[in-house]
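Please keep the structure open while reading.

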Amino acid sequence: MTAKTAKTRAADPHVQLSERPRLPDLPEGRFGRLFPDLPRQSVSGDLLLKYGAADGPLESRTNVHQGLGADNPRIPAGWAFFGQFIAHDITHDRSPLQETEDVKILQNFRAPRLDLECVYGAGPVGQPYLYDVDDSDKLLIGHGRSRVGDIPRNEQGLALVGDARNDTHLFISQLHLAFLHLHNRVVDKLRAGGVKADEVFDRAARMVRRHYQWIVLHEFLPLTVGDDLMSELLKSGPRFCRFEDRPFIPVEFSDAAYRFGHAQIRDKYDVNDSLRDTPLFPDLVGICPVTPERQVDWKRMFLFENATPPQASRRIGPRLVSSLMRLPQALVGHTPRPEFSSLASRDLYRGHAVELPCGEVVAQAMGVNPCNARELQTADSDLSGGTPLWLYVLAEAEARHNGEFLGPVGGRIVAEVIFELLSRDPDSFLNHPEWTPELAGKKSAFGIADLLTYAGVA
């Protein structure tokens, strides 16, 4: 199929889903493309690195970028880290940051399923060090087997978890800890209910996974992409992300649209009553034990019933806070050039390496009227040949929805990929319509606040 044909068919909302082309089948564990026929953006990697560098146009500076205000009350601050947790669950690209990357052989070291692989790893037999040696149905919690407020660590303080990235900063490690506690409490619940001993672990893991998936579909995605898009998706299914056979992670998702969460990160956070107004980096960097004084008060990060409103995330837009433009060496190591310490530069460079099309071309292929240079705030920039897809997604959210949630291009890519991953997983709750959240309260609703409460960490 030619790019012209693909564009015409994708732009026509009356074309039946059965007539739309499906994405090609790929070998297990590969990344792929959502729009394989679209031309790559022609721009130099060196230019993108400089454009995203600290003190450049993508660094948010309070005295310059006022706009509507930085806070986005629609999305509480904790959802940016929940989104990062999802990313670690479905993608793990271990390739180095480099000028070019062959997507055809690019390996994803995560199964493309929302199955909490980053928590369970290879299971009690495959990775026994993640589990309690005295009770292998339960996940190991605490450092030195004495604490319940931290993930397990070795004697040097390194995390013993299914994904080391879940210890890059305090909030992601404490969220990982919540899932450890949740699983263990579900194990206790099943045992109290008389479940056979040889069925406890599998049933507990399935229950935890489905509650997590429920939150992703019914809370995270509506907040992120808007209720209208989610209603359409649940009613009619995906328009563009439809796998032929085995699902995979498209690079338009992993290396552009889903990196929207970087723009949601605040410069400073209130962690608890005592630890307040604290920079994420370097103050809250991970890879070290979490003392009781540093444990997160989740009511400051998510909305709980009858509680004080939590901190807000930042509005989604084409700027990152200063702490992300100067990442600590503990995270990025020794870099060959200073721009590699900027997350904005790394995001732009990564999109260049996997040869992504520009945002305007993707918008046209999706039948969306593209944002113009004035809306994207790139009219006076050195960028040519279109706007890098990652940057376009951020600017589109600001231009179309005041940064409160993603625009039509970014939102559809994010929502359709996640929805399709769930729908292609035979064990997900979507494929078991009789299932409802078993841990829900009297109102039959279940959200992140309920998960954290049931886990005993709220």
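Cysteine 118 is buried, at 0% relative accessibility. The model is predicted, and a search of the whole structure finds 0 disulfides. The points below cover the cysteines, the pocket, the cavities and the salt bridges.

**Cysteines**
- Cysteine 118 is in no disulfide. The nearest cysteine sulfur belongs to cysteine 288 and is 20 Å away.
- Seen from cysteine 288, the closest cysteine sulfur is that of cysteine 118; at 20 Å it is too far for a bond. The cut-off for a disulfide is 2.5 Å between the sulfur atoms.
- Cysteine 288 is partly exposed, with a relative accessible area of 26%, whereas cysteine 118 counts as buried.

**Largest pocket**
- The largest pocket has a volume of about 1500 Å³.
- Its lining holds 46 residues. Nearest its centre lie Gln84, His88, Arg165, His262 and Leu343.
- H3 gives the most, with 6 residues.
- By type, the lining of the largest pocket splits into 24 nonpolar, 13 polar and 9 charged residues.

**Cavities**
- There are 2 cavities of 30 Å³ or more.
- The largest cavity holds about 100 Å³ of space. It is lined by 15 residues, with Gln41, Leu348, Gly351, His352 and Pro388 closest to its centre.
- H12 and helix H15 (389–401) each supply at least two residues of the lining of the largest cavity. H12 has the largest share, 4 residues.
- The lining of the largest cavity comprises 8 nonpolar, 3 polar and 4 charged residues.
- The second largest cavity holds about 40 Å³. Its lining has 8 nonpolar residues, 2 polar and no charged.
- Among the residues lining the second largest cavity are Val119, Leu130, Pro152, Gly162 and His176.

**Histidine 176**
- Histidine 176 lies in helix H6 (residues 170–192) and lines the second largest cavity.
- Histidine 176 is buried, with a relative accessible area of 1%.
- Beyond its neighbours within four places in sequence, histidine 176 is in contact with Phe85, Cys118, Val119, Ile151, Val161, Gly162 and Asn166. Val119, Val161 and Gly162 also line the second largest cavity.

**Salt bridges**
- The count comes to 33 salt bridges.
- Glutamate 232 and arginine 412 meet in a salt bridge, at 2.9 Å from N to O. Glutamate 232 lies in helix H8 (residues 227–236) and arginine 412 in helix H16 (residues 408–423), so the pair ties together parts that are 180 residues apart in sequence.
- In that pair, glutamate 232 is partly exposed at 32% relative accessibility, and arginine 412 is buried at 10%.
- Arginine 110 forms a salt bridge with glutamate 117; their closest N and O atoms are 3.7 Å apart. Arginine 110 is buried at 8% relative accessibility, whereas glutamate 117 is partly exposed at 22%.
- Aspartate 297 pairs with arginine 300 in a salt bridge, with the closest N and O atoms 3.8 Å apart. Aspartate 297 is partly exposed, with a relative accessible area of 26%. Arginine 300 counts as buried, at 19% relative accessibility; the cut-off for buried is under 20%.
- A network of salt bridges links Asp93, Glu101, Asp255, Arg259, Asp347 and Arg350.

Definitions and conventions
Residues numbered from 1 in each chain as written. Predicted model: local features only at pLDDT ≥ 70, side-chain atom pairs only at ≥ 80, totals over all residues. Heavy atoms only, no water. Buried < 20%, exposed > 50% of the residue type's maximum accessible area, 1.4 Å probe, protein only. 1 Å grid on protein atoms, 1.4 Å probe; cavity = no way out; pocket = protein on both sides within 12 Å on 5 of 7 lines; lining within 4 Å. Points joined across faces, edges and corners; volume = space filled by probe spheres on them. Nonpolar A, V, L, I, M, F, W, Y, C, P; charged D, E, K, R; others polar. Contact = heavy atoms within 4.5 Å. Salt bridge = Lys/Arg side-chain N within 4 Å of Asp/Glu carboxyl O.
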